[in-house]
Amino acid sequence: MALSKLAANSFDLTDNYALTGTVTGVVSTQKLFLIKNLDASSSSTLSFVDGSDSVDLDNTYKTYYFKFINIHASGSSGDLVFQGNSAGGSGFNETITSSVFQSAHSEDDSTNAEIGYTASADQAQGTGFQIISATVGNGNDECVSGEMWLFNPSSTTFVKHFTVRTNVYHPSDISVERWTAGYFNTTSAIDEIQFKLSAGNMDSGRIALYGIK
Amino acid sequence: MATASTSLSKIKANSLNLAGTYGFSGTVTGFDDTPLVLLSTFTSDGSDATASFTSGIDSTYKEYMFVFNNIHPQTDYATLLFNGSTDGGSNYNVTKTTTFFQAYHDEGDSATTLDYTTTTDLAQSTAFQNLGYGLGNDNDENASGILKLYNPSSTTHVKHFVSRINMNEYSGFSVDYNVAGYLNTTSAIDAIQFKMSSGEIQGGTIDLFGVV
């Protein structure tokens, strides 16, 4: 006679099981989701576009989190920069107001032990790409890493805030930490984000996009 | 003929065909490795005097993270405040020592700064901590950011926190507020409250996550 049901607690599951079917009915507590990894390979840009290449950058999540891991420059050295594009818009040219400050310290301990506002990197209702790092060296071991938060980009009521923190191995052998924050001054939803270097390509490295529900 | 009862203690690996669809009504444990667990969400109903988290802050997690999205005030030039409680939210008056610095830049490109703000830090004070001030109440103005609270259930150590919140200041500034410090108590912190210095919270959400 086939068993139609096992009694509760009669089944020892203290082992490894590979479920090849579909499990339903389990309420997951997961709230942090990896949406997309983009790996640079002599890339001029890395773009996260809602609805393209399995990217959700809409109201699926309230909060978005980017990780920059070992972005390495080829050729010319440039700053890591980003911009957004509004839903239905064309071009990465949204209006941004931002503040930027940095601390720096050189490997030889002789110069640039400092913290200060970085007026050359901020924007006041600008539509250019927002600088979010100091210049990235293109030596083999030089790169930029860090993180960026983007809050509720799908809102059609509020401006969209972002905060960024990166650290760079500068071509002059300086560790430069850059803090950037600001907002897209638009009530249109932002559904595309693009990263690039202000000069040269991204030779290697990864930008990961996470969504938080 | 009576059959002797034999209980199965274990089914051998690969002896169970699970290639179907199963709906589990019980609790499945041991597999969920999410780094963030959503504990509760405050969603403004448009007229909230406070946003209080009075459950879920305990020894389950070593780190708790509050995520602010689009906090919108009733009153122009509002300050976002927070305090902790050791009695489940009956009183929000924990002693704190904190630091406070900000960077700002206005939309008119006329002013920038990076400075420490001595008027908004606390030195062994039980007052609410300023997390950012000058928030505007125009329809599109809001505050968004993160506050992390470390090991609030400790009965040995003080409880550290760090926050970074960006605001639309009422007169057209983007302000990056960075606040850190500790709740100077060895009692467990089991509730947190946020509010505006004046007026209500009239929009936005605050999510409380446990960080695994």
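**Close-up views of a predicted two-chain model**

View 1. Eight strands of chain A form an open sheet with antiparallel pairing, in the order β2-β13-β4-β9-β10-β11-β6-β7; strands here are DSSP runs (E, at least two residues), numbered from the N terminus, and two strands pair if DSSP finds at least two bridges between them. At the edges stand β2 and β7 (114-117) of chain A, each with a single partner strand, so one side of each has no neighbour in the sheet. From one strand to the next, the twist averages 10 degrees, with axes being lines fitted to C-alpha atoms and angles running from 0 to 180 degrees between N-to-C directions. Within the sheet, β4(A) and β9(A) (residues 144-151) pair in the antiparallel sense over seven bridges, and Phe68(A) has Gly146(A) in β9(A) as its bridge partner.

**View 2. The salt bridge between Arg206(A) and Asp39(A).** The closest N and O atoms of Arg206(A) and Asp39(A) are 2.7 Å apart, where a salt bridge is a side-chain nitrogen of Lys or Arg within 4 Å of a carboxyl oxygen of Asp or Glu. Because Arg206(A) lies in strand β13 (residues 201-212) and Asp39(A) in strand β2 (residues 32-39) of chain A, the pair ties together parts that are 167 residues apart in sequence. Arg206(A) is partly exposed, at a relative accessible area of 32%, and Asp39(A) is partly exposed at 45% (buried means under 20%, exposed over 50%, partly exposed in between, with a 1.4 Å probe and protein chains only).

**View 3. The salt bridge between Asp207(B) and Lys62(A).** Here the closest N and O atoms are 2.8 Å apart; Asp207(B) lies in strand β14 (residues 201-211) of chain B and Lys62(A) in the loop between β3 (46-49) and β4 (63-74) of chain A, so the pair joins two chains. Asp207(B) is buried, with a relative accessible area of 2%, whereas Lys62(A) is partly exposed, with 23%.

**View 4. The salt bridge between Glu177(A) and Arg165(A).** The side chains meet at 2.3 Å, N to O, linking strand β11 (residues 174-184) to strand β10 (residues 160-169) of chain A through residues 12 apart. Glu177(A) is buried at 17% relative accessible area, while Arg165(A) counts as partly exposed at 39%.

**Notes.** Residues are numbered from 1 along each chain as its sequence is written, and chains are lettered from A in the order in which they are written. In this predicted model, local features need pLDDT of at least 70 and side-chain atom pairs count only at pLDDT 80 or more, while totals for chains, interfaces and linings use all residues, and side-chain values use heavy atoms, without hydrogens and water.

How values were computed: Helix = DSSP H or I, 4+ residues; strand = E, 2+ residues; numbered from the N terminus.
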